[in-house]
Each structure stands twice: as structure tokens, then as C-alpha cells.
Amino acid sequence: MSKVRLSSRAIEMPASPIRRLVPYADRAKARGIKVYHLNIGQPDIETPAEMMNGYRDVNIKVLAYGPSQGLQDYIDALVQYYGSVGIKVRAQDILVTTGGSEAISFALDVVADAGDEVIVPEPFYSNYAGFAATAGVKLVPVTCLAETGFALPPKAEFERAITGRSRAIIYSNPGNPTGAVYTRPELEMLASLCVEHELYLIGDEAYR
């Protein structure tokens with residue numbers, strides 16, 4: 001028998017619940033059952049015509065690699081956009097990634113070492129578990145309740161979750177999968193908590 005084995009990281013990596021549900025849904029649909037897909041945030045609105053026309057009418061002779069830091073026009077547009085909503089950033093403050101998932105994975109890699117902890121309001125985006133496993137980071141959940149509309153728990157509950165290995169708090173807003181939208185006081189509570197305890201705050205605002 002071969003002694004070749006996968007890495008511990010690969011063995012411990014949790015399966016994505018989003019993808020794990022797909023075979024069940026496919027089998028149900030094959031039996032004629034109507035399936036409502038709540039496992040993925042698929043849009044049900046038409047893609048704007050301007051975007052589709054942009055794809056169709058693009059005049060590119062060679063689809064070359066872009067600059068690793070991102071296209072300058074895009075970075076400049078982000079600086080302008082964030083400025084319009086009161087967030088002052090410079091071009092050098094922005095790192096363009098291939099989607100939000102890569103950004104979250106990078107963020108966990110740079111704020112925490114293997115064995116460190118990151119606190120997260122629960123329920124949370126299921127793929128955080130996979131990103132944390134790849135980084136060797138332990139997720140520490142702080143439970144939000146349906147009875148309160150999945151609002152953030154009081155500051156004291158977050159403080160109870162903080163240990164000597166805590167490095168960050170990560171949250172998604174609107175909450176995924178709950179849809180809860182946090183209030184300004186809730187977000188200010190997280191920010192002040194991170195300042196007091198010298199933690200990073202990772203804001204995942206995929207639906208901004």
C-alpha cells in the first residue's frame with residue numbers, strides 16, 4: 001500500500017456546504033421536484049445592458065495579463081467611489097484581488113499565524129471555515145440570535161471570546177447568510193473593541 005498521503009491541511013479542510021448541497025438538489029430536480037436554491041446568492045435581476053454591451057463591443061486584440069496590483073483606471077475609480085461615501089483612501093492603500101474570497105483569504109494570511117484565533121459573528125459565511133483552515137487559523141464564533149434579528153451580541157460577549165491568541169474580528173455586512181444589516185452603533189462597537197484589544201477588523205461587504 002502506498003505511503004503517499006495528503007497534507008494535514010488537505011485532510012482537515014471542510015467541504016463547502018454550498019457545493020455539498022448541489023448533488024442533492026440535482027437528484028431532486030431529476031425526480032421532478034421543484035427546488036428553491038437557498039445555498040447560493042444567485043441574482044434574479046437582469047444584468048444591465050450596458051455591462052453586456054461592454055463585453056460584446058470590447059476592442060481587444062490580445063487578452064494580455066493585467067498589472068498584478070490591478071488596473072490603474074479601476075484603482076482610481078475605487079478611490080473616487082470610496083471618497084464619495086466618506087471613506088478616504090489612497091491608491092496605494094488598495095489591493096485588487098480576484099473576487100472577495102481571495103481578499104478574505106489574503107487578509108487571514110496576513111493578520112494571523114497558524115494557531116491564532118479570529119472571532120466571527122455566527123451564523124457566518126460558510127466558506128470562512130475553509131479560508132481559516134487553509135491559514136491554520138481557528139474561528140471563534142459569537143452567536144447571534146434569530147430572536148433579535150441576528151443583531152450583534154453585546155460587547156461583553158465578544159470580550160469573553162478574546163484570548164491571548166485572538167488576532168482579528170471578521171464580519172460580513174449585510175450578514176451572510178442571515179441578511180441582517182448592522183447598525184452604525186453595532187459597527188462602532190466592533191471598531192472600538194478592536195482598538196481597545198489591538199485586534200484587526202476585517203469587514204466583508206460583498207453586497208455593498
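Where is Ile 60 found? Ile 60 sits in the loop between helix H4 (49-57) and helix H5 (72-84); helices (H or I, at least four residues) and strands (E, at least two) are DSSP runs, numbered from the N terminus.

Some ground rules. This is a predicted model, in which local features need pLDDT of at least 70 and side-chain atom pairs count only at pLDDT 80 or more, while totals for chains, interfaces and linings use all residues. Residues are numbered from 1 along each chain as its sequence is written, and side-chain values use heavy atoms, with hydrogens and water left out.

Back to Ile 60. At 49% relative accessibility, Ile 60 counts as partly exposed, since buried means under 20% relative accessible area, exposed over 50%, and partly exposed in between (1.4 Å probe, protein chains only).

Next, the cysteines. A disulfide is a covalent bond between the sulfur atoms of two cysteines. The rule here is a pair of cysteine sulfur atoms within 2.5 Å, and by this rule the count is zero. Cys 144 is buried at 6% relative accessibility, and Cys 194 is buried with a relative accessible area of 5%.

Last, the lining of the largest cavity. Among the residues that line this cavity are Val 120, Phe 124, Tyr 171 and Tyr 182. Strand E1 (117-122) and strand E3 (166-172) each supply at least two residues of that lining. On a 1 Å grid over the protein atoms alone, a cavity is a set of points where a 1.4 Å probe fits but cannot get out, and lining residues have an atom within 4 Å of a point.

Note on methods: On a 1 Å grid over the protein atoms alone, a cavity is a set of points where a 1.4 Å probe fits but cannot get out, and a pocket is an open set with protein on both sides within 12 Å along at least five of seven lines; lining residues have an atom within 4 Å of a point.
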